[in-house]
Amino acid sequence: MSAISPRMAAMAAVIVMAPAVGACGYNTIPTEKLNAEAKWADVQSQYQRRADLIPNLVSTVQGAAIQERTTLTNVIEARAKATSVTVNADDPASFERYQAAQGELTGALSRLMMTVEAYPQLQSNQNFIALQSQLEGTENRIAVARRDYNEAVRAYNTTLQTFPNIIWAKTLHSGSKPMQLFTASAEAQNAPSVNFDALSPAGAAPAAQPGGTAPAVTPGAAPAAAPATGN
């Protein structure tokens with residue numbers, strides 16, 4: 001009986017060990033990481049979609065000649081900041097800056113939506129209504145994308161810290177680092193919303209009440225800002 005060559009022995013060992021390596025989780029780390037990265041791309045895509053809607057929103061509001069210019073300026077500045085932050089999901093510092101910048105933009109948009117409720121001409125503007133609807137849909141998509149991302153990251157981070165995957169994480173996958181999670185923020189709890197309930201059945205905004213008071217708002221909706229006086 002002929003002796004087995006060293007090469008054949010090595011190949012046989014690889015064949016025998018391959019199922020064991022797969023079973024013990026060697027491939028789990030890159031699989032979970034790729035999934036988390038895909039969810040991260042979804043989050044960024046939805047934030048970019050929101051940023052792309054804002055220029056049209058600002059132009060529409062400017063066209064209505066509202067007096068509260070500060071709210072518009074805040075939205076423009078917050079958008080510029082949110083789109084300029086360089087972020088890496090496994091870098092805590094840059095991730096924190098990114099989340100903070102997006103939160104500031106969410107808050108600025110929310111304040112703008114409350115301000116324009118005092119302007120019936122905007123509430124009945126079809127272009128503005130369409131933009132409101134798109135923004136609301138985008139905020140919902142952002143919330144879903146963040147949730148899915150957090151779930152994927154928890155799975156990936158757990159993989160890096162549990163046996164036997166932790167062995168591969170410290171050896172063959174030594175460059176793998178935990179990814180950051182989105183956390184709740186005050187701004188995120190106050191996302192812009194479409195207040196169609198504030199409109200009359202015919203689709204027009206309620207007229208201002210005698211004495212210059214703000215239009216009535218449906219119970220449960222955010223209170224409308226008081227109309228600004230002209231200079």
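I began with contacts (heavy atoms within 4.5 Å): residues 24 or more positions apart account for 75% of the contacts in the chain with a separation of 6 or more. I am working from a predicted model, where local features need pLDDT of at least 70, side-chain atom pairs count only at pLDDT 80 or more, and totals for chains, interfaces and linings use all residues. Residues are numbered from 1 along each chain as its sequence is written, and side-chain values use heavy atoms, with hydrogens and water left out.

**Overall**

Of the 231 residues, 35% count as buried, meaning under 20% relative accessible area, with exposed over 50% and partly exposed in between (1.4 Å probe, protein chains only).

**Helix 3**

Next I looked up helix 3, residues 69-84, and noted 16 residues reaching 23 Å from first C-alpha to last. That is close to the 22 Å expected at 1.5 Å a residue (1.5 Å times one less than the number of residues). I listed T71, L72, V75, A78 and A82 as buried here. They sit on the same side of helix 3 because they cover an arc of only 130° around the axis, taken from the directions from the helix axis to the C-beta atoms. On the other side, T70, E77 and S84 are exposed. I then saw that the buried residues of helix 3 pack against helix 2 (28-63) and helix 4 (92-116).

**Q46**

Not counting residues up to four places away in sequence, Q46 touches T138, R141, I142 and A145.

Methods:
Helix = DSSP H or I, 4+ residues; strand = E, 2+ residues; numbered from the N terminus.
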